[in-house]
Amino acid sequence: MGANPTSAFPNGIGASSLRKEDQRFLTGAGNYTDDINFPGQSYAYFLRSPHAHAKIKSIKTQAASAAPGVVAIFTGADLAEAKVGGLPCGWLITDMSGQPMKEPPHPPLAQGKVHHVGDQVAVVIAESYLQAKDAAELIEVDYDVLASVTDVATATQPGQPAVHDMAPNNVCYVWGHGDKAAVDKAFSAAAHVTTLEIRNNRLIPNAIEPRAAVAQYSRSEDAYTLYVANQNPHVERLLMTAFVLGLPEHKVRVIAPDVGGGFGSKIFLYAEETVITWAAKRVNRTIKWTAERFESFMSDAHGRDHATKAELALDKDGHFLAMRVKTAANLGAYLSTFASSVPTILYATLLAGQYTTPAIYAEVTGVFTNTVPVDAYRGAGRPEATFVVERLVSKAAMELGIAQDEIRRRNFIKTFPYATPVGLTYDVGNYEATLAAATKIADVAGFPARREEAKRRGKLRGIGYSCYIEACGLAPSNIAGALGARAGLFEAGEIRVHPTGSVTVFTGSHSHGQGHETTFAQVVAERLGIPFENVDVVHGDTGRIPFGMGTYGSRSLAVGGSAIMKALDKIIAKGKKIAAHMLEAADSDIVFENGNFKVAGTDKQLAFGQVAFSAYVPHNYPLDKLEPGLNETAFYDPTNFTYPAGSHICEVEVDPETGVTKVVSYVASDDFGNIVNPMIVEGQVHGGLVQGIGQALLEQAVYDPESGQLLSGSYTDYAMPRADDVPNFKVDTQVTPCTHNPLGVKGCGEAGAIGSPPAVISAVIDALKDLGVRDMAMPATPYRVWQTIQNARA
Amino acid sequence: MTVKLLLNVNGKEVEADIDPRTLLVQFLRENLRLTGTHVGCDTGQCGACTIHLNGQAVKSCNILALQAQGSEVLTIEGLAAANGDMHPMQVAFKECHGLQCGFCTPGMVMSATALLKENPKPSEEQIRAGLDGNMCRCTGYQNIVKAVQTCAARS
Amino acid sequence: MYAFQYHRPGSLKEAAALLGKLGDGKALAGGQTLIATMKLRLAQPSDLVDLGAITELRGIKVEGDALMIGALTRHAEVAASAEVKKRIPALAVLAGGIGDRQVRAVGTLGGSVANNDPAADYPAGVLGLGATVITTQRKIVADDFFDGMYETALKPGELITAISFPLPKRAAYAKFPNPASRFAMIGVFVSQVANGSVRVAVTGAGGGVFRDAALEKALTANFTPEAVTSVKVSASGLSSDMHASAEYRAHLIGVMAKRAVVAALG
């Protein structure tokens, strides 16, 4: 186990540098999409379907068009006439039958039918937002309301309404992964089988900044600029131009300025920005659209929503022999950008967890329903896998009378690299180390006494474990491609050294809270030996950055940071040649140390700034061999995923009278590989944990089964975690550096949300085990816990 | 119909004829271009729009601009000292990493400063309860609480 | 929000006159419910009469055996009032638990009581203390005031000016908040007056605040937590939704009543 690197260099790698971005955010100088205004801009309002499933018989817009301030109104028919395509899905999943998944059209404005409450029906563009909204009320849509289906567990049963004619029984694909025969054989010989039926609750991402976009068209350049709250502007541009609008990519500039949280929900190409980009040319006006929160609830891609039956086969000593998982995954009404990959590639491949389970088989049915599209939400597939694995393991432990930590230790992977039966090769890890650290910090030894003390206060205290693993640093393009990805997953970085030696970094990663302006600057400052203050990081603009695949899947430092490291290598290599010329030495004699190019073994040296200056004022410069300038770009494609992993231990107290559960202690010991900024990493863990605790105890998107209405469509019904819902966390890190990227980093953005739900739920079950409770659905709301207690007592 | 509105915003007298429907937050963001105050929801819950109205933290998305007639409004833009030095609460948020994406931050800082004015030495529990009108999706609140504690300890 | 005409009268008399003649006008107190409702286009008043300039409706004073609280007194003012904390601490606790800090700084007693949201806290305090609602036209005892979900005895144009809360021997409010909205999923206000008689008012359970006769009877006989436990609260007529079934609400009424009694006994 290595230690985290610490640099003697101020604000270098390993320093908890304060964030460069904070000054503007703290003084109200942030620049979010809705803060951007242009003279003469118009405003868009989207009329949305009030029905879950309906035929559109007619749309009458005459009265609305005549309303004050209206510039234009467009419907699906206008888009069809203009040959605007449908929103694409970026990942092809092949059905077990060998057929490609069903890809129903996803028009940006509904054509003929609406498929979920909130589906876009028309856009009104007006001089003011209120005028657009007023006019939308005058649009008359004649709907023929159809029966709808929202529940993933029953949507594929015979007799349910079909969301799309092309997918009878609402099946998008049935996908199998693993060696079924080996699994079946292992089960038939197992001493014990633990079975679990779980629902992974549906979540609504709820970045506090609602989605927003401002679209501009320039007649003089015949070009577009789109400002949009988005996590990956280059991907947004590629999908929008090549697949939907048929525009040349170089004529569209996408800028994602300050973005107020994403958590996955701002990865995707959405209808609204697509429509206003198209319409900006049609009306020759700048168009602004900002979602109201009620629209966020019914149009931002939702997360999770699985119904799963999982089984674990064990020998008599609690060693895992095989795992069998059958999951129905709700995809919603349309395939969102990465929807198909989340419950398959990002889920089933993680079912080995931290364990040596020799045989695993998963079968996943992707299901269409009359609900908002479901796609990646913090963790994306990996929280679902972790919940299945960790709940199975804890339940098996309870059934076999083995302690929750002991059963895990007995099955940990201990030698690396380790090839799992579900297609991944873990390069490195030390699961015993994080479990040992968490055990110590959580004072597990003192738990029985705490439990007794709680009991005297009338509270039931329980302890829960979760030893999660995730695959991050998405992704090796060749592997992703073989698995159906329709894009590469590399990253690009450019290092622009200015004549005076300051540096601008252009990264294809995007920061919407992660602090890249600080972390990446630390990496560059350390590598070049220049002051942190002399490094600025630019992200989120296709007009300034060579290319980018954006930020999701905890990939920014592992992949984006690696691209920056490669570009820095090129800068240093060129700098050495320049220095060799200036110092009259051979190229091979130059070393670069602490910001100085030195002739090895001598005291002859040049500061980085001197070499940079020479590159731009090449008076004494090897012009015959070398171009002037000091500006390098690199693309980095990882050779493997990274595998952050950790152990979380949660203690809860349940009030049996009301069912209220309080998280009273939470310890996370995580291995993220090397850490550049511990302060930022800790903050990422805190945030992830609260989203995971939110999933476990508070949050749930609920649809009315009859009408298909979203019942939890506002903050009055969707319970967001607030400050008084959560405790302080104890966060620890253990380090096994990633073996295959230059920084040795693994990624930390999703770990908290991945690791925590099973730890919390297992703790609740542990608290109630003496009442006979063996299972608990998420979220464990007071009502559900109370009901469970009543049922157990009955 | 428009109605005349007189306000003092961040120490400056402001006068405008506005549509009565104008929410205070709209007036600040659209008329005055003070875009540091954010809108995160439409039901008065998220608290991103929190400002001080006559010294008290209120949600500017849930109040008509005209309801603030004749009042003193302080927004995040007016919190720092005249020389640009950040308010101690802003400093504490930075030092404690009490913000990530920054979107809830102005509202959170305005709530936190009002909280300390009312209760200069709050317990952790009082801080958490006192921030019940502000949602943050990024930080998990721990470092926000730490920032408020840090600021309280320094004053 | 739909368009409306805006009025800002300087006196109560002027406000009452305006509301009397405006067909579809609404009084705007703090607006913490009304503005949100109008933003969502769920209300469309022709006129808004902003009471914000009427200072005479704000304040807390002791009058004989009662606390008189002006209709435009903010929740935060009631929560922080030394007078309220001393005379009816339960009311200060109740006010301090409404909404969140920002809402409490703006929302008013009169606005909340006139709105009579079925999950609001103040109606439980008014009914649970047997308060008297004083309006521009008359005095209405609490038992005659609340009339089911969002309905009250107020006539068009009639404004609450103050509420007179008789001082109890002991009282307490126990609230179980909805995890999402933080409104009362169940709130129980218990008070006992000098002669020993007890009032128990329940909010959040269904179609508006109500008194629980069985709990009142049991507690009048014996003001102890055990007396509450002896009563089986019926789920009949209570609401069921995604947050709680009627049975759970009934159970919570018992638990909150018990906790209120414990708190009242100090």
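Q: Before we start, what should I know about the model and its numbering?
A: The model is predicted: local features need pLDDT of at least 70, side-chain atom pairs count only at pLDDT 80 or more, and totals for chains, interfaces and linings use all residues. Residues are numbered from 1 along each chain as its sequence is written, while chains are lettered from A and ligands numbered from 1 in the order in which they are written.

Q: Ok, which domains does the assignment give for chain A?
A: Domain 1 covers 22-30 + 490-636, domain 2 covers 33-146 + 210-259 + 266-299, and domain 3 covers 377-474 + 640-793. Those bounds come from an automatic or database domain assignment.

Q: How many Å separate the centres of domain 1 and domain 2 of chain A?
A: Taken over C-alpha atoms, the centres are 39 Å from each other. Domain 1 of chain A puts 14 residues into the contact and domain 2 of chain A puts in 15. Here two residues are in contact if their C-beta atoms, placed from the backbone, lie within 7 Å.

Q: What classes of residue are on the domain 1 side?
A: The side of domain 1 of chain A that touches domain 2 of chain A has three nonpolar, 10 polar and one charged. For the classes, Ala, Val, Leu, Ile, Met, Phe, Trp, Tyr, Cys and Pro count as nonpolar, Asp, Glu, Lys and Arg as charged, and the others, Gly among them, as polar.

Q: Switching to chain C, which domains are there?
A: The assignment for chain C gives domain 1 (5-53), domain 2 (57-166) and domain 3 (170-192 + 201-265). The centres of domain 2 and domain 3 of chain C are 20 Å from each other, taken over C-alpha atoms. In that contact, 21 residues come from domain 2 of chain C and 20 residues from domain 3 of chain C.

Q: Which elements of domain 2 of chain C give two or more residues there?
A: On the side that touches domain 3 of chain C, those are α5 (89-96) and α8 (122-128) of chain C. The largest share, five residues, is from α8(C). Helices (H or I, at least four residues) and strands (E, at least two) are DSSP runs, numbered from the N terminus.

Q: Now between chains: how many residues of chain A are in contact with chain B?
A: 43 residues of chain A are in contact with 45 residues of chain B. On the chain A side, α1 (22-26), α8 (293-299) and α17 (678-697) each supply at least two residues. The largest share, seven residues, comes from α17(A). By class, that side of chain A has 21 nonpolar, 14 polar and eight charged residues.

Q: And how many residues does the contact of chain C with chain B take?
A: It takes 20 residues from chain C and 23 residues from chain B. On the chain C side, α6(C) gives the most, with five residues. That side of chain C divides into 10 nonpolar, five polar and five charged residues.

Q: In what order do the strands of the chain B sheet run?
A: Five strands make an open sheet with mixed pairing, in the order β2-β1-β5-β3-β4 (chain B). Two strands pair if DSSP finds at least two bridges between them. β2 (12-18) and β4 (56-59) of chain B are the edge strands, each pairing on one side only.

Q: Which sense do β3 and β5 of chain B pair in?
A: Strand β3 (residues 50-53) and strand β5 (residues 72-74) of chain B pair in the antiparallel sense over two bridges. B:Leu53 has B:Val73, in β5(B), as its bridge partner.

Q: Back to chain A. Which residues meet between α9 and α10?
A: A:Val393, A:Ser394, A:Ala396 and A:Ala397 in α9(A) meet A:Gln404, A:Ile407 and A:Arg408 in α10(A). This contact has four nonpolar, two polar and one charged residue.

Q: Where is A:Asp222?
A: A:Asp222 lies in the loop between β9 (212-218) and β10 (223-228) of chain A. Its phi is near 50°, a positive value in a residue other than glycine.
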